[in-house]
Amino acid sequence: MSLMSRRHLMFAATGVAAMAVAPRIVFAQAAPAPAPAAAPTGPFTLPPLAYPTNAFEPHIDAKTMEIHHGKHHAAYVTNLNNVAKTNPRLGTAKIEDVLGNLNALDDSIKFTVRNNLGGHANHTMFWEIMGPGGGGKPEGDLLAAIDKDLGGMEKFQNDFNAAGGRQFGSGWVFVTVAKDGKLAIETRPNQDNPIMDGKRALMGNDVWEHAYYLQYQNRRPDYLKAWWNTVNWKKVAERYAAARTGTLGV
Ligand code: MN3
C-alpha cells in the first residue's frame with residue numbers, strides 16, 4: 001500500500017469515528033426533553049383521562065381539556081407533592097379523611113392543603129363522571145332519587161345550571177349526597193369540596209373560568225347547558241350506589 005493510500009484510509013477512519021460520535025451527542029441533548037420526566041413523582045399522581053381530550057367537542061374544546069387536565073389539575077398534584085416532602089403523612093392518609101378534618105392540620109399547610117387537595121379531589125371526580133357518548137338521563141335508583149329529592153330531571157338540571165351561574169367568582173356546583181342518601185344542589189367557592197362538611201359530591205361541574213373561557217368567554221350559562229352532553233350517567237349511578245353503602249371516596 002502506498003503512503004498516499006494509507007493516509008487516505010486514516011482520514012477515512014477518522015471521519016467514520018466522528019460520524020459515529022455525532023448521533024450520541026444529539027441523543028444526549030434530547031434525553032432530558034421527554035414530558036413524562038417532568039411529571040411529579042408522587043405520592044400524588046395526576047389520574048390519566050379515560051378518553052381523548054377532543055372527546056367532548058363541540059361541547060368542550062380539546063384545548064380547554066388539555067390545559068385543564070394537563071396544567072391546572074397537574075399543578076394541584078405538584079403542589080401536594082411539594083407539601084408532602086415535609087409532611088409525609090399527607091401522602092399516606094386517605095384524601096377524604098384529610099379533607100374531612102382540615103382543622104387537624106398545622107396552620108402552616110392548612111390553606112395549601114385545602115386548596116390543592118380540594119382541587120385534586122374535585123377534578124378527579126369531574127373527569128370520572130364525564131365520558132364519550134354522554135348525556136341523556138340516568139335510570140333506576142338514581143333517577144328515583146332525583147325525582148324524589150330534586151323535583152325530576154328537568155327541574156334538577158335547570159336548578160343546577162342556575163346555581164352554577166350564580167356562583168360568584170371561582171367555584172363548583174355539586175349534587176351532594178348526605179349520609180342518609182339525600183341529594184341536594186350546593187355550590188362551593190374555590191376548590192372546597194362537600195367532604196369538608198361531612199357530605200360527598202355525587203357529581204359536580206367546574207365553574208372556574210379555566211373550565212370554559214377559551215370557548216365560551218363570559219357565557220357561563222351556555223357552558224353549563226352544554227356540559228350535560230358530557231355526563232356519564234353510568235358512572236354517576238355507580239357513585240350513587242357507593243354513597244348508599246358508605247364506600248364513595250372523592
Ligand atoms: Mn378546574
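**Briefing: helix packing, sheet and backbone geometry**

Helix 6 and helix 10 are roughly perpendicular to each other (angles of 65 to 115 degrees count as roughly perpendicular, under 35 as roughly parallel, over 145 as roughly antiparallel and the rest as oblique). The contact is made by Gly140, Asp141, Leu142 and Ala145 of helix 6 and by Val236, Ala237 and Tyr240 of helix 10. This is a predicted model, in which local features need pLDDT of at least 70, side-chain atom pairs count only at pLDDT 80 or more, and totals for chains, interfaces and linings use all residues. Residues are numbered from 1 along each chain as its sequence is written.

**Helix 6 and helix 10**

- The axes of helix 6 (residues 140–150) and helix 10 (residues 233–244) cross at roughly 80 degrees and come within 9 Å. Axes are lines fitted to C-alpha atoms, for helices over the stretch in contact, and angles run from 0 to 180 degrees between N-to-C directions.
- Helices (H or I, at least four residues) and strands (E, at least two) are DSSP runs, numbered from the N terminus.
- Residues are in contact if their C-beta atoms, placed from the backbone, lie within 7 Å.

- Three strands form an open sheet in the order 2-1-3, with antiparallel pairing (two strands pair if DSSP finds at least two bridges between them).
- Strand 2 (183–189) and strand 3 (200–206) are at the edges, each with a single partner strand, so one side of each has no neighbour in the sheet.
- From one strand to the next, the twist averages 30 degrees.
- Strand 1 (residues 171–177) pairs with strand 3 in the antiparallel sense over six bridges. Tryptophan 172 has aspartate 206 in strand 3 as its bridge partner.
- Helix 5 (residues 107–128) packs on the sheet, where it touches strand 1 and strand 3, and its direction makes about 80 degrees with that of strand 3.

**Backbone geometry in loops**

- Most residues other than glycine have a negative phi, and most peptide bonds are trans.
- Glutamate 57 and proline 58 are joined by a cis peptide bond with omega of about 5 degrees. Proline 58 lies in the loop between helix 1 (3–30) and helix 2 (62–86).
- Asparagine 190, in the loop between strand 2 and strand 3, has a positive phi of about 55 degrees. Asparagine 190 is partly exposed, with 15 other C-beta atoms within 10 Å.
- Glutamine 217 also has a positive phi, near 50 degrees, and sits in the loop between helix 8 (213–216) and helix 9 (220–227). With 11 other C-beta atoms within 10 Å, glutamine 217 is exposed.
- A residue is buried with 20 or more other C-beta atoms within 10 Å of its own, exposed with 12 or fewer and partly exposed in between, the C-beta atoms being placed from the backbone.

How values were computed:
Contact = placed C-beta atoms within 7 Å.
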